[in-house]
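Please look at the sequence and the structure first.

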Amino acid sequence: MRFPVLARIAVSSVLTSLLLSQPAWGWGNDGHMMINRLAAQFLPTDVPAFLRDKNALDTMQYLGPEPDRWRNRAEAELVAEQAPDHFIDMEWAAYGEVPCTAPTPGCVNGKMYPRKRYDFIRALAAAQPAFNAANPTLKVQLTPEQIGMQPWETEEIWQKLKVDFREYRKLVAAKGDTKPVELAILYDAGWLGHYVADGSQPLHTTIEYNGWQASVPNPNHYTTEHRIHSQFESAFVSANIKPDDVAPLVAAGKPQVFPDEWLAYLDYLNHTNSLVEKTYQLEKAGGFTGAGTPEAKAFTESCLAAGAIELRDMIYSAWVHSADPVEEFHGAQ
């Protein structure tokens with residue numbers, strides 16, 4: 001490895017920044033396991049049976065918190081690499097939009113998010129002067145570590161899941177052994193579930209992720225203490241929300257196949273982001289303290305259900321679209 005001392009200093013710096021700037025857990029273990037299991041439980045019956053049996057439900061549940069297990073300080077490089085995948089600060093991510101023209105899907109007012117991770121990163125870097133001019137008192141770097149990469153990580157895992165479904169179809173047609181690819185599919189689906197679940201937590205979509213920022217006007221006097229994030233997603237959920245509370249909400253949502261999973265997921269994130277202020281309003285009213293309030297409980301259940309529904313439909317969409325024609329890769333030609 002070249003420049004080992006500088007590399008260690010750089011990793012340490014990034015790790016420290018990430019640990020300070022973002023909370024360590026998304027929904028907490030209970031919320032993540034609940035979302036994953038409910039998504040699998042309510043998959044439609046036309047997906048392969050191995051995705052709906054007891055082993056699948058247990059595996060999906062276990063894998064719900066898996067990416068959070070990668071966030072221990074002992075694995076510093078792993079933390080630095082994947083911490084941005086858990087969140088997206090929608091207020092600043094807009095600087096990474098690129099020009100587009102109608103009727104391009106997803107083009108709104110001549111702007112859209114690029115679908116490819118590195119195109120977004122380059123767009124953020126190019127927008128830094130404009131950001132600095134608009135926010136002269138803020139010392140924010142438009143980097144993946146600061147802004148988050150949540151939708152890009154989700155899309156990439158979804159595509160991996162679709163590929164494995166495609167391989168499963170091939171093996172079924174060839175009467176081959178499907179057990180190895182079934183294992184890969186369950187892992188991909190469980191892995192995907194973590195990030196989709198993060199996307200249903202309003203505080204994973206905003207700069208106001210753990211107390212109202214001092215740089216942002218706060219006329220309603222929302223909390224500025226750094227505790228709302230874990231109080232809402234971990235302590236309150238673990239103490240007050242059970243799978244049976246959320247299951248009827250998931251069951252009520254009819255499964256759907258997304259024509260364009262990327263645009264569907266961005267719509268989902270935008271809806272989640274619209275709930276940020278409501279989260280702070282509930283906290284201010286004591287909604288997440290102890291047993292909380294009926295309104296806060298119903299709000300939290302709806303967020304968890306939204307995550308399970310989105311995950312179920314993304315898995316279902318990956319299965320259906322795995323049958324689409326594809327130009328196979330056969331190596332360099």
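Q: How many salt bridges does a search of the whole structure find?

A: The search of the whole structure finds 15 salt bridges, where a salt bridge is a side-chain nitrogen of Lys or Arg within 4 Å of a carboxyl oxygen of Asp or Glu. This is a predicted model, in which local features need pLDDT of at least 70 and side-chain atom pairs count only at pLDDT 80 or more, while totals for chains, interfaces and linings use all residues. Residues are numbered from 1 along each chain as its sequence is written, and side-chain values use heavy atoms, with hydrogens and water left out.

Q: What makes arginine 37 and aspartate 58 a salt bridge?

A: The closest N and O atoms of arginine 37 and aspartate 58 are 2.9 Å apart, which is within the 4 Å of the definition, so the pair is called a salt bridge. Arginine 37 belongs to helix 2 (residues 28–41) and aspartate 58 to helix 3 (residues 54–63), so the bridge ties together parts that are 21 residues apart in sequence. Helices here are DSSP runs of H or I with at least four residues, strands are runs of E with at least two, and both are numbered from the N terminus.

Q: Why is arginine 37 called partly exposed?

A: Buried means under 20% relative accessible area, exposed means over 50%, and partly exposed is in between, for a 1.4 Å probe and protein chains only. Arginine 37 has 23% relative accessibility, so it counts as partly exposed, and aspartate 58, at 31%, counts as partly exposed too.

Q: What do the salt bridge between arginine 115 and aspartate 260 and its place in the sequence look like?

A: The side chains of arginine 115 and aspartate 260 meet at 2.5 Å, N to O. Arginine 115 sits in the loop between strand 2 and helix 6 (117–134), and aspartate 260 in the loop between helix 11 (243–252) and helix 12, so this pair ties together parts that are 145 residues apart in sequence. With a relative accessible area of 37%, arginine 115 is partly exposed.

Q: Why does cysteine 303 count as buried?

A: Cysteine 303, in helix 14 (residues 294–321), has 3% relative accessibility and therefore counts as buried. Leaving aside residues up to four places away in sequence, cysteine 303 touches Trp27, Ser200, Pro202 and Leu275, a contact being heavy atoms within 4.5 Å. Cysteine 303 and serine 200 are 103 residues apart in sequence and 5.7 Å apart in space, C-alpha to C-alpha.

Q: Why are lysine 175 and histidine 221 called exposed?

A: Lysine 175, in the loop between helix 8 and helix 9 (179–198), has a relative accessible area of 77% and is therefore exposed. Histidine 221, in the loop between helix 9 and helix 10 (228–240), stands at 63% and so counts as exposed. Phi of lysine 175 is near 55°, a positive value in a residue other than glycine, and phi of histidine 221 is near 55°.

Q: How do you know that the protein is as compact as a globular protein of its length?

A: The secondary structure comes to 14 helices and 2 strands. The radius of gyration of the protein is 20 Å, close to the 20 Å that the globule rule gives for 333 residues, so the protein is as compact as a globular protein of that length; the radius is taken over C-alpha atoms, and the rule is 2.2 Å times the number of residues to the power 0.38. Of the 333 residues, 50% count as buried.
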